[in-house]
Amino acid sequence: MLPLSEDQRLVQQTVRAFAKEELWPLAPEYDASGAFPWPQLKKLAELGLLGMTTPEAWGGAGMDTVSFALALEAIAYADPAVAVIVSVTAGLPQYMLLKFGTEAQKERFLVPLARGEWLGAFALTEPQAGSDPASLKTRAEHVEGGWVLNGTKAWITSAGQAQLYVVMARTGPERGQITAFLVEKDAPGLTFGPPEAKMGLHAAHTAEVRLEDVFVPDDQVLGEVHRGLAHALAGLDSGRVGIAAQSLGIVQAAFDIARDYADEREQFGKKIRHFEGVAFKLAELATRLEAARYLVWGAARKKDAGKRFTKEASMAKLYASTLAVDATREAIQILGANGYHRDYRVERYYRDAKVTEIYEGTSEIQKIVIARELYR
């Protein structure tokens with residue numbers, strides 16, 4: 001395993017302890033009720049975990065991306081729904097503001113996000129524009145002093161809960177002429193659909209964002225006009241590291257439950273871990289988990305070094321998310337009928353895992369990105 005610094009290990013230990021005490025006991029209840037986990041998020045904010053990689057000058061903790069990945073893994077181990085909320089607010093709006101925002105925008109929007117006073121949402125996907133974001137239909141018309149936005153966004157994490165929305169809208173006739181806008185929750189004309197009835201991640205609300213003649217002043221354009229899609233893709237590189245780390249937490253949790261169960265359950269007069277059918281599953285999962293960590297930490301370290309990390313982020317996300325689905329499925333198989341029961345938690349991890357292969361770029365899109373990067 002790649003070495004961690006003393007500070008990184010301290011982050012890992014601190015967040016693991018917090019997650020075990022504050023998140024683990026309540027995760028099944030939040031999964032069942034679908035309530036948004038504001039109490040836990042506020043406690044995470046007090047620890048500085050909602051703005052970990054944002055510099056201290058802008059209200060964050062100023063930590064490295066490896067520390068952020070370690071924290072997300074620990075949170076996802078206890079509750080993947082909380083982890084994705086944290087990943088999105090930090091990995092997308094904050095990262096994009098830090099990279100493309102003006103000083104005034106950082107002061108007004110980045111600071112409350114990094115302090116955890118606000119949550120951020122990333123509004124790119126539309127009902128007819130998922131893997132092909134350049135085909136989005138939300139439009140922004142320039143008027144005196146700003147822009148008027150009209151359209152509908154779909155599958156937006158924290159929609160209706162977040163205070164800031166980074167909204168992508170078409171600003172010209174050409175396919176790639178898209179611009180990013182900073183839209184506050186209380187903007188007139190901005191409304192939200194009800195939380196979607198999802199397979200998993202019930203506490204992480206996902207909903208439509210509807211814009212009807214929403215006025216956004218010129219000083220709330222994020223980055224360059226017509227360059228929003230490029231800015232969004234840069235944000236997705238960062239976000240994919242977060243989703244890969246979330247996947248690691250799911251894998252580790254499912255693996256630990258299956259490993260411990262195999263050491264307790266007896267059949268035919270011996271513990272089931274002695275049967276090759278079980279032992280080989282555990283051995284393969286343990287090996288793949290180590291490999292996934294190398295990919296995730298490698299992508300995080302390349303980002304911290306200021307180098308292009310598009311390929312590494314996509315590789316980490318592709319591999320870790322595939323493993324999350326495989327590991328949770330195999331954990332259920334090892335537990336047998338008990339794996340199908342909510343009390344053992346692995347059925348919830350299975351439901352939570354599947355979407356990691358879909359959001360922030362499907363596995364198929366990751367393969368396209370990786371193949372393209374091979375020829376850069």
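Strands β3 (146-157) and β7 (residues 206-217) pair in the antiparallel sense over 9 bridges. Two strands count as paired if DSSP finds at least two bridges between them. Strands are DSSP runs of E with at least two residues, helices are runs of H or I with at least four, and both are numbered from the N terminus. The model is predicted: local features need pLDDT of at least 70, side-chain atom pairs count only at pLDDT 80 or more, and totals for chains, interfaces and linings use all residues. Residues are numbered from 1 along each chain as its sequence is written, and side-chain values use heavy atoms, with hydrogens and water left out.

V143 has G146 of β3 as its bridge partner. The β2 and β3 hairpin has 2 residues between its strands. There, G145 takes a positive phi near 85 degrees.

Q163 lies in the loop between β3 and β4 (164-170). Contact means heavy atoms within 4.5 Å. Leaving out residues up to four places away in sequence, Q163 touches W38, E117, W118, L119, V183, E184 and K185. The C-alpha atoms of Q163 and K185 are 4.9 Å apart, although the two residues are separated by 22 residues in sequence.

Two packed helices are described by the angle between their axes and the distance between the axes. Helix α4 (residues 65-78) packs against helix α5 (residues 80-100) at an angle of about 150 degrees, with the axes 6 Å apart. Axes are lines fitted to C-alpha atoms, for helices over the stretch in contact, and angles run from 0 to 180 degrees between N-to-C directions. Helices α4 and α5 are therefore roughly antiparallel to each other. Angles under 35 degrees count as roughly parallel, over 145 as roughly antiparallel, 65 to 115 as roughly perpendicular and the rest as oblique. From α4, F68, L72, I75, A76 and A78 meet P80, V82, A83, V86, S87 and A90 of α5. This contact has 10 nonpolar, 1 polar and no charged residues. Ala, Val, Leu, Ile, Met, Phe, Trp, Tyr, Cys and Pro count as nonpolar, Asp, Glu, Lys and Arg as charged, and the others, Gly among them, as polar.

On a 1 Å grid over the protein atoms alone, a cavity is a set of points where a 1.4 Å probe fits but cannot get out; a pocket is an open set with protein on both sides within 12 Å along at least five of seven lines; lining residues have an atom within 4 Å of a point. Grid points are joined across faces, edges and corners, and a volume is the space filled by probe spheres set on the points.

The largest pocket has a volume of about 1300 Å³. It is lined by 48 residues, of which L236, R240, Y359, E360 and G361 are the closest to its centre. Helix α7 (228-264) is among the elements that supply at least two lining residues. With 6 residues, α7 gives the most. The lining holds 25 nonpolar, 10 polar and 13 charged residues.

The second largest pocket has a volume of about 220 Å³. Its lining includes Q12, R16, W24, E73, Y77 and D256. Helices α1 (6-23), α4 and α7 each supply at least two of the lining residues. Here α4 gives the most, with 5 residues. By class, the lining divides into 6 nonpolar, 2 polar and 4 charged residues.

The whole structure has 1 cavity of 30 Å³ or more. The largest cavity holds about 40 Å³ of space. A27, Y30, D31, D79, A81, L201, H202, A203, R348 and D352 line it. Helices α2 (27-33) and α10 (346-353) are the elements that give two or more residues to this lining. The largest share, 3 residues, comes from α2. The lining has 5 nonpolar, 1 polar and 4 charged residues.
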